[in-house]
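Hello,

Here is the structure I promised to pass on to you.

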Amino acid sequence: MKTMKHAEAAAQFISDEPRTDWHNETLWFVRQKRDKASHGLPEWEQLREWASQIKHHSLSHLDQYLVEFEKNAKANGVTVHWAANGEEHNRIVYDIIQKNNVQRIVKSKSMLTEECGMNEFLHSKGIDIVDTDLGERIVQFRNEPPSHIVLPAIHLKKKDVSDTFHEHLHTEKGNNDPQYLTEAARIHLREKFIASELAITGVNFAIAETGGFVVCTNEGNADMGTHCAKIHIACMGFEKIIPKAEHLSVFLRLLARSATGQPITTYSSHFQKPREGQQMHIVIVDNGRSKQLGRADFRNSLKCIRCAACFNTCPVYRRSGGHSYHTAVAGPIGSILSPNLDMRANADLPFASTLCGSCSNVCPVKIDIHDQLWKWRQVLVAEGYVDTTKKVGLKGMAFLLAHPSLYRFAGKAGRTVMRLFPWLVNNKLNPWYKQREMPAPPKESFREWYLKNKQS
Amino acid sequence: MSAREDILKAVAANKPEAVDLPVIDQTQVISYANLTEQFKTVLQSIGGSAVEINDLSDLKNELEEKKAAGEFVVNRITELGELNDAATKMSPEELAAVEITYLKAELGVAENGSVWLYESQMGNRLLPFICQHLAILINKESIVATMHHAYEKIDSGREGFGVFLAGPSKTADIEQSLVIGAHGARSLRVFING
Amino acid sequence: MIHSLPNYIDMKVGLFIPCYIDQFYPQVGIATLQLLEKLGCEVSFPLNQTCCGQPMANSGFASSSKGCDKNFVGNFRGFDYIVGPSGSCVLHIKDHLKDDDRPGEAEHIRKNIYELTEFLTDVLKIEKLDASFPHKVGLHTSCHGQRGLHLSSMSERNLPEFSKPEKLLGMVKGLELSHPARTDECCGFGGTFCVFEEAVSVKMGKDRIAEHAANGVEYITGYDESCLMHLEGILKRMNSNIKAIHIAEILNSNA
Ligand code: SF4
């Protein structure tokens, strides 16, 4: 199946305008909650600066901290695995499953496992994972990927959820009450938790100094899974490392406030050692991260703490939906991470932005997201991943604008046919004209007026 | 083993030039005139309830009454009487029937209404999550202003597990409508003693 | 007014009129020029200017805009200040203008180029204006001017509030200013984004307009004609009574 480019998928999303408005409003509401929470702390901007600096420091000592983390985690009785890429990650998880001969597996939210396509891989091996975050369970039933890293089912309305639950959990048809539907999921998933043999989680922060790691949820699903199952596998991208436990204070103050406007997530669980009789595994994954680390212009993207504030504020994301980004991590941050993984497949994403800069200014770790979008555009053009019509038009334009007399000639001829600006052609095929009128051509340009009125 | 070496090598080669850690200056951090009031306000705003008490008699009575009524309640607070040690060894299936768990937390955090629980205070890691309702006791003087202060007081690496717990389990995954009681406890009452 | 503002007389200002303003909105260039002259600046318009190169650079073709950059430096060297009525073009020059043959001159330009409202506020430091515009006006806060040039504070940050364009509009007699509900959301123009992401672009523009319309405005103004051109295109297609007008025209108006 060919994936649609962002612009095309976005147009499809917007064709249902009331739904687009709802999506936009709902996420804007989350952004407003974030604003309120951040304005409640006078030190907000200082906190962002600290967070950014701690992450910068961590990246600049990453090899040391990874080794330190590994050593301490092992001393805590945790088994540490390393995976160069998604495939290897999936293989490691599969081997643990095989070796322990387990069938009942639950998973709390982990964007890394999405990135690695773990569920699909295990499914192909005949192993089914139960996603336990409510939003993820909903999209899993529907065979869809999550559309948002914090709110996986934000593209769905309660009626959609009701229909899905009616089909899979036999809830009352037409009962759209979120309370009722959540209760049904609670009962369904409690059975899964209690029966589970193996629990997979992501990692929000890994602490070099202690070898411990922190997982944040509101629902409590990570804890329900890990404390029930006799095996816990925590999967982490290697950039999750921070030096010391005290640095968690900075990140935990920022994370939930940025994500949903809550002062902290309901549960910030600090895993240190397996409980008696339990196996605990950590899989440390590279999957392109070391390459991104080497790209000076883009390495800042590895500071990301996956709060999704940049999604909620993005005027394009809010109006195009997460699926239009066709990658595990959508939104502005996805658009600067994904080209690193596959330039060809994701060449459209850095262009799915007006470069308005809102993302960079909400980001709790001060990633220069919109500047990186701009820089990716340069890289993608230089590497030849931009389609030729765009190329011809813009190169022609560049030529024209470098030559004043040609520009003036084109301008004169062009004000009637608007030939100067390749996109301002007055016909039905012109995307400008589809829903917008052309500027009315004036009888003279500013320069012509100036020559007449000022130069004599 | 090769992935480990490859990754470490690539990271060493590609990492940026060393930069220092920032100094977290706590004088730049918010302070509250009344820590208890702040804690209570925030906890209520996130779906929990906070009760100030002067002694433990009401809580003891409640516990006794529940027990007498045959409810499955688990006490892990020494000051309230006998600890339910059996619960620490129970299977998830058995624990799923727990109606109320009584726990003593190490401290409370005014800025976000959370409490810190060490594994030893839970008795069983699963207990604070799987029970239907949670009652947590903290000492009034244990409330600190912010997370910076909290991490000064706790040692998150000391035990096998620990958690900052703030309010009851919740979700807004269906159309952003807030529902309390997703997978974990449906309610949280924090008793502030002192 | 001129006699009351003699301090600026010796200031040599190069007038930067971005290409699309030159071609489609000459009245914006005229208003900018007249306003600056009214305020006592010695203004000239270098005749061989074309474009800042932004449309190419933002599309990933920064490397192809070298000729454009050189032309810009050739036109604007030797001025004390360069002033243009377009936040995003000015920001582009500030961030990206390069000329390997004349690096010093390129740097001088980068450091001394101003968007009109910031020039009026920060360099001329004007406190009053002889302008009148008795209408209901909504201010569109264009992103590059706001978040890039810091013409105003932004809703994302927890910092003191200010707005240079708003301060200037406050000096205009009879003008009734209103803000859209989302004070600083992007209008969706975004350079070539407006055609390559046509659906999102137009939807964003429509949403901005709806918020201004809810305030009952007669005009939508701003310091970036490109955003206004996009909004105007949608307004006209909708047969709306609301008109788009550049802030220079309001500040220069004398009804
Ligand atoms: S890039 Fe910044 S705002 Fe976006 S998800 Fe990551 S941390 Fe949050």
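Chain C has an accessible surface of about 8600 Å², and carbon and sulfur atoms account for 51% of that area. Before you go further, please keep in mind that this is a predicted model, so every value here is computed from predicted coordinates.

Staying with chain C, 67% of its 255 residues count as buried. How does its radius of gyration fit a compact globule? A compact globule of 255 residues would have a value near 18 Å, and chain C has 18 Å, so the two agree. Its C-alpha trace spans about 50 × 50 × 40 Å along the principal axes.

As for the fold, chain C contains 13 helices and eight strands. If you take its contacts with a separation of 6 or more, 77% are between residues 24 or more positions apart. On the charge side, there are 25 positive and 32 negative side chains in chain C, with the centres of the two sets 1 Å apart.

One element I looked at in detail is helix 11 of chain C, which runs over residues 198–214. From first C-alpha to last, its 17 residues reach 24 Å, close to the 24 Å expected at 1.5 Å a residue. Is this helix mostly covered or mostly uncovered? Helix 11 of chain C is mostly covered, with 13 of its 17 residues buried. Just after this helix comes C:Gly216, with a positive phi of about 70°.

Now for chain A. Its secondary structure consists of 22 helices and 10 strands. The box filled by its C-alpha atoms, taken along the principal axes, is roughly 90 × 55 × 45 Å.

In chain A, 66% of the 456 residues are buried. The chain exposes about 16200 Å², and 51% of this comes from carbon and sulfur atoms. Of the contacts in chain A between residues at least 6 apart in sequence, 72% join residues at least 24 apart.

Which charged side chains does chain A have, and how far apart are the centres of the two sets? Chain A has 59 positive and 48 negative side chains, and the two centres lie 7 Å apart.

That is what I have for now. Happy browsing!

Best wishes

Conventions. Residues are numbered from 1 along each chain as its sequence is written. Chains are lettered from A and ligands numbered from 1 in the order in which they are written. This is a predicted model: local features need pLDDT of at least 70, side-chain atom pairs count only at pLDDT 80 or more; totals for chains, interfaces and linings use all residues. Side-chain values use heavy atoms; hydrogens and water are left out. Helices (H or I, at least four residues) and strands (E, at least two) are DSSP runs, numbered from the N terminus. Buried means under 20% relative accessible area, exposed over 50%, partly exposed in between (1.4 Å probe, protein chains only). Contact means heavy atoms within 4.5 Å. Accessible areas come from the Shrake-Rupley method with a 1.4 Å probe; for residues, only the protein chains shown count as cover. Lys and Arg count as positive and Asp and Glu as negative; His and the chain ends are not counted. The place of a charge is taken as NZ of Lys, CZ of Arg, CG of Asp or CD of Glu. The expected span of a helix is 1.5 Å times one less than its number of residues. The radius of gyration is taken over C-alpha atoms; the globule rule is 2.2 Å times the number of residues to the power 0.38.
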